[in-house]
Amino acid sequence: MAHPSIQELTVHVTNKLSSKVLIVHCRSGDDDLGPHGVEIGAEFRWSFKSNAMATTLFWCNLAVEDKRLSFVAYGDEVPYFFEHWNVYDGGVYGKDIRTGGERFMGAWRRIWLP
């Protein structure tokens with residue numbers, strides 16, 4: 001689903017965890033936004049312009065303690081369009097800009113740490 005015009009977009013990832021700092025690391029094929037520690041109730045956000053060929057793709061890796069989660073935060077070709085992502089203890093939810101409702105988009109997975 002190509003974005004109808006090349007305009008500046010802002011994506012927000014908000015930490016709604018019950019008690020932990022969230023590590024957010026987002027990137028595209030051209031830009032690595034680096035890891036960011038996001039306090040409870042705070043957000044990490046970035047702005048960009050979708051490219052003229054409608055191939056823009058940003059994905060994020062999230063970490064909290066021994067749990068990890070990855071998701072596509074923005075893509076010209078994905079079948080959903082969310083600018084706001086809320087991260088809860090149960091996973092990540094995209095906020096539908098048309099209805100204001102949230103849609104579950106991914107669950108945490110535990111990793112083994114030595």
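## About the model

The model is predicted: local features need pLDDT of at least 70, side-chain atom pairs count only at pLDDT 80 or more, and totals for chains, interfaces and linings use all residues. Residues are numbered from 1 along each chain as its sequence is written, and side-chain values use heavy atoms, with hydrogens and water left out.

Let's start with strand pairing. Helices (H or I, at least four residues) and strands (E, at least two) are DSSP runs, numbered from the N terminus, and two strands pair if DSSP finds at least two bridges between them. Strands β2 and β5 run antiparallel and are joined by five bridges. Here R27 faces W59 of β5.

On to the next pair: β5 and β6 also run antiparallel, with eight bridges joining them. N61 stands opposite S70 in β6. These two strands form a hairpin with two residues between them.

E65 sits in the loop between β5 and β6. Its phi is positive, about 50°, although E65 is not a glycine. As background, most residues other than glycine have a negative phi. E65 has a relative accessible area of 52%, so it is exposed; buried means under 20% relative accessible area, exposed over 50%, and partly exposed in between (1.4 Å probe, protein chains only).

## The nonpolar core

A nonpolar core is a set of buried Ala, Val, Leu, Ile, Met, Phe, Trp, Tyr and Cys residues joined through side-chain atoms within 4.5 Å. The largest one here has 27 residues, and W46, L62, F71 and W85 touch the most other members. The elements giving two or more residues to this core are β1 (8-15), β2 (22-27), β4 (43-49), β5 (57-64), β6 (67-75) and β7 (82-88). In soluble globular proteins, nonpolar side chains tend to be buried together.

Leaving aside neighbours within four places in sequence, L62 is in contact (heavy atoms within 4.5 Å) with V13, L22, I23, V24, K67, R68, L69, F71, V87 and W108.

## The disulfide

A search of the whole structure turns up one disulfide, a term that stands for a pair of cysteine sulfur atoms within 2.5 Å. The partners are C26 and C60, with an S to S distance of 2.0 Å. This pair links distant parts of the chain, as C26 is in strand β2 and C60 in strand β5, 34 residues apart.

The torsion about the S-S bond is about 105°, so the disulfide of C26 and C60 is right-handed. C26 counts as buried because its relative accessibility is 0%. C60 is likewise buried, with a relative accessible area of 0%.

## H25 and its partners

H25 lies in strand β2. With a relative accessibility of 17%, H25 counts as buried. Its side chain makes a polar contact with the side chain of D32 at 2.6 Å. Such a contact is a pair of N or O atoms within 3.5 Å; within protein, one must be able to donate a hydrogen and the other to accept it, and residues adjacent in sequence count only if both atoms are side-chain atoms. Not counting residues up to four places away in sequence, H25 touches D32, G34, P35, W59, C60 and N61.

## A52 in its loop

Finally, A52 lies in the loop between β4 and β5. Its relative accessible area is 69%, so A52 is exposed. The C-alpha atoms of A52 and H12 are separated by 22 Å, and the two residues are 40 residues apart along the chain.
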